[in-house]
Amino acid sequence: MEAMRHSSTFLRPPADAAASSFYALVVLNQRLPRFAPVLWSHARLRVFADGGANRVYDGMPELFPEVDPMEIRHRYKPDIIRGDMDSIRPEVKEFYINLGVPIDDLSNDQDTTDLHKCVAHICESMDELDKSNLCILVAGALGGRFDHEAGNINVLYKFSNIRIVLLSNDCLIQLLPKTHCHEIHIQSLAEGPHCGLVPIGAPSTSTTTTGLQWDLTDTGMSFGSLISTSNIVLAEKITVKSDTDLLWTISIKKGI
């Protein structure tokens, strides 16, 4: 089985060397993580999901208190704003329109979430070569209403062939598809040690890991039985192999 490699290098400022991944950033309508400018600096495509525009307009200047707010708002301008447009404030919408930002109003589609709409746009905007290295970072994906969080997790399963990372101030979540075994290279200065593996889509009859304080060895997991929460990373490389898709989550350190 082919190994899929994962590394949260996007939590650290970009190095001079060319990145191996093509990062896109989606900003949702929740509080910006404190490291949002770092995510922005990695991204080559930036999309605000409806009310995510409010969050950047209001929240990004708070991360640069020594700089004029309007300078920050002009600096952090998206490539597009997309969604059903029921949350973006009129004055925020007008501000970005005046900057020439396209507004894609999909209010006629109430069967998909704003995140789904934004991920679909990113995928449609890329050729197959770039898509093979695509990693979509989603800021403001966790916290707030649980049904919103569940909808965001559902997008991971809907686009299981695309690397998507849900992010908050406290943790990240990504899908580990059962089609691969997985090597997770821990960025110890930015993440950990608390982690978990959760079989949300379906029970696992066999999951094996290495590098955790409480490793799994051909272990079954399901809701109502064992799931691997509050685990601890011990090694720089974690390996995971399972017969079902798993959610990987790891804490993000306060100092970044």
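Is Asn 98 buried or exposed? Asn 98 counts as exposed, because its relative accessibility is 60% and exposed means over 50% relative accessible area, buried under 20%, and partly exposed in between (1.4 Å probe, protein chains only). The views below show a predicted model, in which local features need pLDDT of at least 70 and side-chain atom pairs count only at pLDDT 80 or more, while totals for chains, interfaces and linings use all residues. Residues are numbered from 1 along each chain as its sequence is written, and side-chain values use heavy atoms, with hydrogens and water left out.

**View 1. The whole chain.**
The protein holds seven helices and 15 strands. Helices (H or I, at least four residues) and strands (E, at least two) are DSSP runs, numbered from the N terminus. Along the principal axes, the C-alpha atoms fill a box of roughly 55 × 40 × 35 Å. The radius of gyration is 18 Å, which agrees with the value near 18 Å for a compact globule of 256 residues. That radius is taken over C-alpha atoms, and the globule rule is 2.2 Å times the number of residues to the power 0.38. Of the 256 residues, 52% count as buried. Contact means heavy atoms within 4.5 Å. Among contacts between residues at least 6 apart in sequence, 71% join residues at least 24 apart.

Asn 98 belongs to helix α4, residues 90-98. The buried residues of α4 are Val 92, Phe 95 and Tyr 96. Seen down the helix axis, these buried residues fall within an arc of 90°, so they line one face of α4. The arc is that of the directions from the helix axis to the C-beta atoms. An α-helix has 3.6 residues a turn, so residues three or four places apart point the same way. The face of α4 turned away from the buried side carries the exposed residues Pro 90, Glu 94 and Asn 98. Cover for the buried residues of α4 includes β3 (45-49), α2 (52-59), α3 (69-75) and β4 (80-83). After α4 comes Gly 100, with a positive phi near 85°. Asn 98 and Lys 131 lie 33 residues apart in sequence, and their C-alpha atoms are 31 Å apart in space.

**View 2. Helix α2 under cover.**
Six of the eight residues of α2 are buried, and the helix is mostly covered. The buried residues are Gly 52, Ala 53, Asn 54, Val 56, Tyr 57 and Gly 59. What covers them includes β2 (22-27), β3, α3, β4 and α4.

**View 3. The second largest pocket.**
This pocket holds about 510 Å³ of space. Its lining has 26 residues, and the closest to the centre are Asn 29, Thr 113, Asp 114, His 148 and Asn 152. On a 1 Å grid over the protein atoms alone, a pocket is an open set of points where a 1.4 Å probe fits, with protein on both sides within 12 Å along at least five of seven lines; a cavity is a set from which the probe cannot get out, and lining residues have an atom within 4 Å of a point. Grid points are joined across faces, edges and corners, and the volume is the space filled by probe spheres set on the points. Helices α5 (114-124) and α7 (146-158) each supply at least two lining residues. The largest share, four residues, comes from α7. By type, the lining divides into five nonpolar, 12 polar and nine charged residues. Ala, Val, Leu, Ile, Met, Phe, Trp, Tyr, Cys and Pro count as nonpolar, Asp, Glu, Lys and Arg as charged, and the others, Gly among them, as polar.

**View 4. Asn 152 in α7.**
Asn 152 sits in helix α7. At 8% relative accessibility, Asn 152 counts as buried. Not counting residues up to four places away in sequence, Asn 152 touches Leu 28, Leu 115, Ala 141 and Leu 166.

**View 5. His 116 in α5.**
His 116 lies in helix α5. His 116 is buried, with a relative accessible area of 18%. Beyond neighbours within four places in sequence, His 116 contacts Val 155, Lys 158 and Phe 159. His 116 and Gly 52 are 64 residues apart in sequence and 14 Å apart in space, C-alpha to C-alpha.

**View 6. Ile 252 in β15.**
Ile 252 lies in strand β15, residues 246-252. Ile 252 is buried, with a relative accessible area of 4%. Leaving aside neighbours within four places in sequence, the contacts of Ile 252 include Leu 11, Arg 34, Phe 35, Cys 171 and Ala 190. Val 38 is 214 residues from Ile 252 along the chain, and 14 Å separates their C-alpha atoms.
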